[in-house]
Amino acid sequence: MANLPEPARVIQLPDGTYTYAHPIDLPAQPPVPVPVVQHIHHAPPDRTVQRVALGAGVGAGAVGAGVYFGPLLVGVLTAIAANLALLALIATVCAWGVVTVVKSLNNPGK
C-alpha cells in the first residue's frame with residue numbers, strides 16, 4: 001500500500017468548473033486566513049408559559065402536552081371560526097333574499 005500514489009482530488013477551477021488534480025500537479029498555496037465570523041445574536045424563543053408552568057409545579061408532561069396540543073387547538077378554533085363566518089354569510093344572504101321577496105309581494109305596483 002505504501003507504493004501506491006496518493007489519490008486525485010476534485011478541485012474547483014477559477015471559472016467554476018471542477019476537475020481532478022493530483023497533489024503533485026497542484027501549486028503550493030499560501031495558507032488561507034481564517035475569516036472573522038461576526039455572530040448575530042437572535043432573541044431566544046419565548047418560553048414564558050412553559051417556565052411559569054414548570055415553576056408552578058406542573059410536570060413536564062403537561063408542558064409537553066401544552067406545546068403539542070396548543071397549535072392544534074389554535075387550528076381547530078380557526079376552523080370553527082371560519083365555518084361560523086361562512087354560515088353567518090349564508091344566513092345574511094338568505095335573510096336579504098327573504099326580505100326582498102316579501103317586500104316585492106307586499107308592493108306589487110312598485
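Here is a short exchange about a predicted model.

Trainee: What should I know before reading this model?
Mentor: Residues count from 1 along each chain as its sequence is written, and side-chain values use heavy atoms, without hydrogens and water. The model is predicted: local features need pLDDT of at least 70, side-chain atom pairs count only at pLDDT 80 or more, and totals for chains, interfaces and linings use all residues.

Trainee: In what order do the elements of the protein run from the N terminus?
Mentor: The protein has 2 helices and 2 strands. Helices (H or I, at least four residues) and strands (E, at least two) are DSSP runs, numbered from the N terminus. The order is β-β-α-α.

Trainee: How many residues lie between β1 and β2 in the hairpin?
Mentor: β1 (residues 9–12) and β2 run antiparallel, joined by 4 bridges. Strands pair if DSSP finds at least two bridges between them. Glycine 16 in the turn has a positive phi of about 100°. The number of residues between the strands is 5.

Trainee: Why does alanine 21 count as buried?
Mentor: Alanine 21 is in strand β2 (residues 18–21). Buried means under 20% relative accessible area, exposed over 50%, partly exposed in between (1.4 Å probe, protein chains only). Alanine 21 counts as buried because its relative accessibility is 6%.

Trainee: What share of the 110 residues is buried?
Mentor: The accessible surface of the protein is about 10200 Å² (Shrake-Rupley method, 1.4 Å probe; for residues, only the protein chains shown count as cover). Carbon and sulfur atoms hold 70% of that surface. The buried share of the residues is 3%.

Trainee: Where in α2 does the kink lie?
Mentor: Helix α2 (residues 60–106) has 47 residues and reaches 67 Å from its first C-alpha to its last. The kink is about 35°. That bend is the angle between axes fitted to the seven residues ending there and the seven starting there. It lies shortly before proline 71, at phenylalanine 69.

How values were computed. Expected span 1.5 Å × (residues − 1).
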